[in-house]
Amino acid sequence: MRVFGADFTSAPCPGKPITLARCSLERDRLVCDGFDRIETLDRFEAALVAPGPWVMGADFPFAFARGLPTALGWPEGDWRAFAAHLAAMDRVTFETALTDHRNAQPAGRKYLFRQLDRRTGGAAPNNIVNPPVGKMLFEGVRRLYAAGVCLPGLAPGDPERRVVEAYPAVSVHSLIGPGRYKDGRPATRTEEATRRRALLAALAGDAGGLRFGFVTQAPSDFADDDISGDLIDALVCAVQAAWAYRAGLTEREGPGARGAAFDPAEGWIADPEAFHPPFASSTEPNTLSGAADRRAAPPVICYPPGTLPAPDMSLYAAARAGAARTGAVLVPAREARCFRVPAGQFFRITCPEGPQVGDLNLWAAADLSERFYSGKTRALHGTHLTVGHRLWSSFPTLRPMATITADTLGWYGFDADGAGVHDVIGTRCDPYTNALLTGAQYHHHCHSNLIRALAAETGMGAAGAESHVHDVFNVFMCTGFTRDTHQYFTKASPVRAGDHVEFFAEIDLLGALSACPWGDCGTNSPASAACHPLLVEVFTPAPGVLDGWTPPAPNRYDQSHGL
């Protein structure tokens with residue numbers, strides 16, 4: 001099958017042409033034969049009327065957000081009627097209509113995004129300035145209409161000539177991560193060329209094969225000189241078109257033929273991630289050599305629980321039975337406090353008033369460089385902890401710091417969303433991420449709370465204390481990963497007044513606990529969160545009950561590392 005990819009512009013010229021990638025799809029391989037520079041819209045229309053069979057991915061929106069054509073008094077729901085209306089209109093009238101409508105809208109409603117634009121990060125199709133995708137829609141839709149091509153799922157036409165909407169950025173960022181790969185300043189051109197080479201390598205290798213169901217062969221020598229990214233974008237448009245063809249989405253009914261949901265008034269983009277849930281890469285098992293066998297490999301537990309030193313829970317239960325409360329620290333809402341627990345004693349964290357989660361740091365009291373190791377604890381026990389699990393220390397000591405001996409939320413397990421309580425997957429809320437995402441300054445994130453608490457306890461300055469604050473144990477927090485995108489999420493904690501989790505201190509501990517400013521973490525805004533204090537209590541066993549018990553020794557590895 002011949003496959004084309006068009007990096008489109010609404011005003012092609014010798015300096016900025018429409019770039020057309022010419023490819024052929026051969027079983028599990030897309031081969032790029034070269035590129036054409038199309039310097040006029042008439043020549044682009046000539047490419048559209050070239051005899052088929054072929055499929056093309058074109059990088060411009062085929063439709064507006066639902067409701068906008070109706071608001072403008074234009075046809076909606078019938079793409080050919082909509083396109084005929086644009087074809088009878090001059091560009092000045094088109095741009096004036098969009099500008100007048102946008103100016104009449106309140107802030108936040110001026111640019112109207114399709115659902116697929118929001119999923120892929122695309123620009124609003126009524127934007128005619130930066131980027132001028134509205135102008136691209138106007139010129140592109142008119143040419144598609146005049147050429148009589150088939151737009152699967154949108155408009156019937158010649159079934160031998162099929163065009164789908166492409167958006168290369170979503171595939172590029174999926175394969176090589178976010179970041180610029182074109183149009184940069186001279187100072188960033190070397191980095192961008194490196195990213196373009198990485199993209200070509202990904203398309204030619206397993207990453208592209210697993211994502212699209214085929215690998216892509218293209219000349220590698222153009223990556224360094226393709227500063228504008230036009231060649232790369234045209235190639236990725238062709239890749240997306242080939243994926244849609246192999247996935248069965250280019251039949252007349254479009255994605256509907258495969259049962260995929262899309263809005264026929266807004267159209268669809270030829271990329272797996274443009275659908276919700278993301279679309280499978282192929283109608284058949286992935287044809288990448290050995291892919292099915294690779295996926296069928298059985299999972300292997302990295303650290304089988306039976307190989308870990310087991311805590312003596314019966315000894316701990318006997319010690320706890322006669323223990324007396326010997327200390328307590330109340331942690332105010334949106335603040336943190338430190339506490340100390342000698343080896344062989346217990347500490348309990350309780351929610352005394354209302355639902356509240358806490359972020360816990362632990363250090364060896366005599367050496368703050370030995371601290372809680374969240375990642376290794378997760379690897380040894382799992383994403384969420386309960387009775388019998390241990391909190392492990394960092395390298396090189398790697399030993400138990402504390403063992404969970406009681407948990408009133410142990411009944412929760414994992415719910416229908418895959419969420420559990422008491423996690424070691426979140427890091428802690430912090431002011432740096434907040435500034436990155438919102439630009440605001442806020443000083444009561446758990447990271448800052450823990451710094452202030454440790455500074456107050458030790459006399460360190462902020463910088464010194466910050467160097468010791470580490471990834472936390474999220475007490476009472478209800479978290480998981482979404483099943484579709486595997487993103488970390490929180491939900492309102494099931495903790496209620498009186499619930500607690502209790503630990504046996506395996507070594508002398510300095511602890512710090514922050515009462516999170518997100519309260520029970522059922523909201524994304526600390527401003528609207530109801531926050532409550534947390535209580536830390538220390539219990540000392542009766543004399544003699546732990547005779548013969550000793551704290552765990554540091555790890556026995558000799559630290560020579562083969563040198």
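This briefing covers a sheet, a helix packed on it, and some aromatic contacts. The model is predicted. Mean pLDDT for the protein chain is 92, with 97% of its residues at 70 or more. Residues 281–288 fall below 50 in pLDDT, and this stretch has 24 contacts in the model beyond near neighbours in sequence. Where pLDDT is low, the predicted coordinates should not be read in detail.

**The sheet**

- Six strands form an open sheet with antiparallel pairing, in the order E8-E20-E10-E18-E14-E13.
- Strands E8 (324–331) and E13 (390–392) stand at the edges; each has a single partner strand, so one side of each lacks a neighbour in the sheet.
- From one strand to the next, the twist averages 25°.
- Strand E10 (residues 346–350) and strand E20 (residues 534–540) run antiparallel and are joined by five bridges.
- Thr350 stands opposite Leu535 in E20.

**The helix on the sheet**

- Helix H12 (residues 313–321) packs on the sheet and touches E10, E13, E14 (400–407), E18 (500–505) and E20.
- The direction of H12 makes about 70° with that of E14.
- The charged end of Arg320 sits over the ring of Phe539, 4.0 Å from the ring centre.

**Aromatic contacts**

- The count of aromatic pairs comes to 20.
- Tyr373 and Phe395 form an edge-to-face pair, at 5.3 Å centre to centre and with 85° between the planes.
- This pair links distant parts of the chain, 22 residues apart: Tyr373 lies in the loop between E12 (367–371) and H13 (374–381), and Phe395 in the loop between E13 and E14.
- Tyr373 is partly exposed, at 26% relative accessible area, whereas Phe395 counts as exposed at 52%.
- One aromatic cluster is formed by Phe64, Trp74, Phe82, Phe94 and Phe138.

Note on methods
Residues are numbered from 1 along each chain as its sequence is written. This is a predicted model: local features need pLDDT of at least 70, side-chain atom pairs count only at pLDDT 80 or more; totals for chains, interfaces and linings use all residues. Side-chain values use heavy atoms; hydrogens and water are left out. Two strands pair if DSSP finds at least two bridges between them. Helices (H or I, at least four residues) and strands (E, at least two) are DSSP runs, numbered from the N terminus. Axes are lines fitted to C-alpha atoms, for helices over the stretch in contact, and angles run from 0 to 180 degrees between N-to-C directions. Contact means heavy atoms within 4.5 Å. pLDDT is the predictor's confidence in each residue, from 0 to 100. Rings of Phe, Tyr and Trp (its six-membered ring) pair if their centres lie within 6.5 Å; planes under 30 degrees apart count as stacked, over 60 as edge-to-face and the rest as tilted. Buried means under 20% relative accessible area, exposed over 50%, partly exposed in between (1.4 Å probe, protein chains only). A charge sits over a ring if NZ of Lys or CZ of Arg is within 6 Å of the ring centre and within 35 degrees of the ring normal.
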